[in-house]
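Trainee: Please take a close look at a single part of this model, going through what packs against it and the spaces beside it.

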Amino acid sequence: MTFFQSSNMGISATDTQNLFFSQQLASHSPTAMLSALEQFLLQVSLHQESDQCDGEYQKWLHLQFQHMPQYLQTLMTLPSEYEYSAYLNILADCCRMLELTRMRCILGTPSGQMLRKYEFVETRLTLETFKELVWVIRGRYQTQTFRSAQAARRREINVRYQEYRQYVNTLFEQNDRLIVIRVDLGYSAEQAGKIDFEMASDDIDRLLANRRWNKLFDHQKGYIIKTEFGIEKGIHFHALFFFNGSERNGSSHVHLAQKIGDYWKEIITHGRGIYWNSNAQINDFVRLGNCGIGLIHWRDEKLRQNLLDHVLGYFFKEDQFFKPKGTGKYKLFRKGQYSSRGTKKLGRPRHRNDTVDRMF
């Protein structure tokens with residue numbers, strides 16, 4: 001059995017896999033390192049016992065051993081007040097069991113809460129210990145409990161994704177055209193480490209509440225917001241805002257996205273915030289053929305499908321999952337409400353041969 005499979009002619013499967021990890025690690029950024037670590041753990045979960053005798057597998061394993069100190073240093077930077085993917089949780093647990101990490105308590109939150117902080121003990125990491133670690137976490141990944149939990153989580157993600165797809169489709173049923181705004185809302189590098197989940201949630205709740213008397217949000221028909229955590233970004237939000245394209249100027253969607261970002265930065269966060277205006281990059285998305293933002297007519301099936309598959313689909317990616325610990329209430333996803341009075345749109349009848357104007 002060959003451990004890795006590749007469709008690249010003239011390139012071995014191991015070389016292809018090693019190239020992927022080299023590209024991920026090239027920047028040495030924490031985000032890239034965490035992504036590479038999750039890919040490594042995914043590969044471990046696919047191991048078969050017969051792979052132990054496979055030369056390609058052994059070559060790959062030695063490469064990963066060289067990267068393991070960087071992986072574990074990255075793992076140790078994750079704040080302990082959050083839960084992460086099951087892959088990362090099991091790795092952290094196995095590292096503690098093999099004494100590759102040690103615990104200390106720190107004053108870790110703005111509210112003064114004491115947190116457990118784990119540190120990587122590099123002197124404990126030998127090739128023999130690394131192979132034992134891989135074997136132990138593989139065994140945990142192979143359990144029925146783990147497999148069932150992962151399957152349940154994938155089902156949950158898919159159910160939520162389908163729910164939000166239906167929400168978007170209903171908005172188009174109720175509006176001839178929608179202006180789709182895609183912005184990321186976060187905090188500056190100096191502030192990101194100081195903002196916890198509760199503080200960030202208060203900020204996004206205030207932005208949503210203020211829409212009722214802010215003309216910037218006139219004729220808004222809906223929104224979707226996902227909360228995420230990044231090692232470098234801290235708590236941040238991926239946001240979609242939907243405006244009535246018959247009432248607002250669709251050609252000024254880039255400016256509208258900028259105004260929303262500025263409102264977040266200057267008013268909501270009092271200068272602590274930052275934002276990324278995806279609408280300003282619309283020409284790049286058009287060139288790649290995956291544009292799903294800007295002015296979209298209800299009949300433009302290509303743009304609507306891109307919106308659902310590429311834009312909204314990104315909100316429901318499985319990697320880099322996180323949630324606050326404990327049983328308290330928290331919102332990782334938010335969406336607006338639409339009219340429950342049916343989906344029949346008033347106004348002139350819709351015809352399939354209507355001309356569709358795209359504002360790029």
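Mentor: A cavity is a set of points on a 1 Å grid over the protein atoms alone where a 1.4 Å probe fits but cannot get out; a pocket is an open set with protein on both sides within 12 Å along at least five of seven lines, and lining residues have an atom within 4 Å of a point. Points join across faces, edges and corners, and a volume is the space filled by probe spheres set on them. The model is predicted, so local features need pLDDT of at least 70 and side-chain atom pairs 80 or more, while totals for chains, interfaces and linings use all residues. Residues are numbered from 1 along each chain as its sequence is written, and side-chain values use heavy atoms, without hydrogens or water.

The whole structure holds two cavities of 30 Å³ or more. The largest cavity has a volume of about 50 Å³, and Leu-34 is among its lining residues, along with Leu-88, Phe-321 and Phe-322. That lining counts eight nonpolar residues, two polar and no charged (nonpolar: Ala, Val, Leu, Ile, Met, Phe, Trp, Tyr, Cys, Pro; charged: Asp, Glu, Lys, Arg; polar: the others, Gly among them).

Leu-34 belongs to α2, the part to look at closely. Helix α2 covers residues 30–45 (helices are DSSP runs of H or I of at least four residues, strands E of at least two, numbered from the N terminus). Take α3 to begin with, residues 55–76: its axis is 10 Å from that of α2, at an angle of about 130° (axes are lines fitted to C-alpha atoms, for helices over the stretch in contact, with angles from 0 to 180 degrees between N-to-C directions). The two helices are therefore oblique (under 35 degrees is roughly parallel, over 145 roughly antiparallel, 65 to 115 roughly perpendicular, the rest oblique). The crossing is left-handed, meaning that the near helix is turned anticlockwise from the far one by less than a right angle; clockwise is right-handed. In this contact (heavy atoms within 4.5 Å), α2 supplies residues including Met-33, Leu-37 and Phe-40, and α3 residues including Trp-60, Met-68 and Tyr-71. By class, the contact has eleven nonpolar, four polar and no charged residues.

Helix α5, residues 127–141, packs on α2 at about 70° with the axes 9 Å apart, and α2 is therefore roughly perpendicular to α5. Here the crossing is right-handed. Phe-40, Leu-41, Val-44 and Ser-45 of α2 touch Phe-130, Val-134, Ile-137, Arg-138 and Tyr-141 of α5. Seven of these residues are nonpolar, one is polar and one charged.

With α4, the axis of α2 comes within 10 Å and crosses at roughly 85°, so this pair is roughly perpendicular. Tyr-87, Leu-88 and Leu-91 of α4 meet Leu-34, Leu-37, Glu-38, Leu-41, Leu-42 and Ser-45 of α2. The contact divides into seven nonpolar residues, one polar and one charged.

Of its 31 lining residues, Glu-156, Phe-321, Phe-322, Leu-332 and Phe-333 are the closest to the centre. Helix α6 gives the largest share, six residues. The lining has 14 nonpolar, five polar and twelve charged residues.
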